[in-house]
Amino acid sequence: SRYKGITYDGTHFLSGATSPLHIVCVALLGRFTKLEEASLATGIIFFALSSFIVYLWIRALYNSRRTALLAGMMMATSGWLVFDALSGLETTAFIFFSLLTFYLYDRRQGKPLYAVPLALSILTRPEGWFVGVSIWTWQIIRCCRERDARHVKRLAAAVGICFALIAPYLLLSLRQTGTLLPGTAYAKAVFFGETTMPFINKAGFFKNRFLPFYGSFIYPAALLVLPLMLFARRVIALPYLWFFFMLFYGAYLFLYPGAIHNYWNRYQHTFIPLVIMAVASGAVIASGMVRKKAARITLMALITVSLIYNQGASFLAAEKTYTNEIISTRNLKIDLALWLKRNTLENSLIALHDIGAVGYFSGRNMLDLVGLVNPEITRYYLDAQSKRAIPLSERRIIDYLKEKRPDYLVMFAEWDRLLNLLQPANEKYFQLLHTTLPLYPTTMRYRVFKCNWD
């Protein structure tokens, strides 16, 4: 009530809210249930609902409870989807709303009811727009091909409902931040200098993050199971899913190729349920295509072993990663926050590039150096006239710190290529006080510097 809106630092309204609906869901659940782990509970609820949608969709597509149960079980035991559910982030909520949107569009024959979860998916992540555009593109194609006025009416109704539901948020965002969409994703792209990267570099960057995801990340022995997708024609023949795939990856390729690797590829996890739907359906269909009993039993056994191995190995990999992430957060970020709480004054201003857990647990004032919740810093990364990212070597973040005069600076030394703060000419401003343990799974350590601007 103090700030009358979503804010991280109490100053910049809405600027850090990439997922306003998820924030509201967690806040409401925590407020009315008094549940301390409301973010985890929210993730688990959306994960269970997503598994149920996959079950319903496959059963509707194939009229087979066995196939639907297999798909639902693979969803429920998908290690990386469990990881998402327990992460406290919005990934699982977006997966649910996008799945529900596609499901309602498919099963309701284009009737505009799907516009409701579509609007909710947009309010959960900006990629929700890709879901909408993919469906609307297919509806336009159908309108042109079939010349049926019903398609035009349904499309117009769906677009109208969607925009009516999200318009209040868009207008509020425009009024408070000057932009219709959350600026956090673009702020990251500018900070890391990827918006002006040569396309050949973007393509290489993208390839090294895209191919491993499907080649070994989802399933360690992907070649044993992904070919089964070819038999799931009723899934892989849905054109709007391919439109979504192309829009999603095309946008990341051109704007922010490094992001698809962020936090264990979590943005790409949106496609795991679709892969599961195709693999589960293909497994049942392929095993039923062999007529000879002995050969069919052998094939079913091979498919079963392949699925169990890949599901199990993927689950164990996700479980290990989750455990190490929890340990790293507790022994590194929370310990760093508590160190700051013990060793700095209550009104200290701390400049850093990773504001989340450190800001929450330290109770200190944070100066965001990336631009996620601090739009002021963006002018030091983005040229005001050309609107192009300033080359890394020409960034003058030190001028911003001289203006704001933070008491402490917390950063990875490895990130100085992005910040240009720890250069020899700036040594007089910073005194090293503390170094943390390495951040999992890297060797990077946070360094705490006392600032001297006199």
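Leaving aside neighbours within four places in sequence, which residues is I58 in contact with? In this predicted model, I58 contacts N63, T67, A68, A71, V235, M277 and S281, where contact means heavy atoms within 4.5 Å. Residues are numbered from 1 along each chain as its sequence is written, and side-chain values use heavy atoms, with hydrogens and water left out. Local features need pLDDT of at least 70 and side-chain atom pairs pLDDT 80 or more, while totals for chains, interfaces and linings use all residues.

A71 counts as buried because its relative accessibility is 0%, the cut-off for buried being under 20% relative accessible area with a 1.4 Å probe and protein chains only. With the same exclusion of neighbours within four places, A71 is in contact with V54, I58, I276 and A280.

The largest nonpolar core holds 89 residues, of which W57, I58 and Y240 touch the most other members. Such a core is a set of buried Ala, Val, Leu, Ile, Met, Phe, Trp, Tyr and Cys residues joined through side-chain atoms within 4.5 Å. A second, separate core of 42 residues includes V190, V358, V448 and F449.

Helices α1 (residues 20–33) and α2 (residues 38–62) pack at an angle of about 115°, and their axes are 9 Å apart. Axes are lines fitted to C-alpha atoms over the stretch in contact, and angles run from 0 to 180 degrees between N-to-C directions. The contact involves H22, C25, V26, L29 and G30 of α1 and A38, S39, A41, T42 and F46 of α2.

Conventions:
Buried < 20%, exposed > 50% of the residue type's maximum accessible area, 1.4 Å probe, protein only. Helix = DSSP H or I, 4+ residues; strand = E, 2+ residues; numbered from the N terminus.
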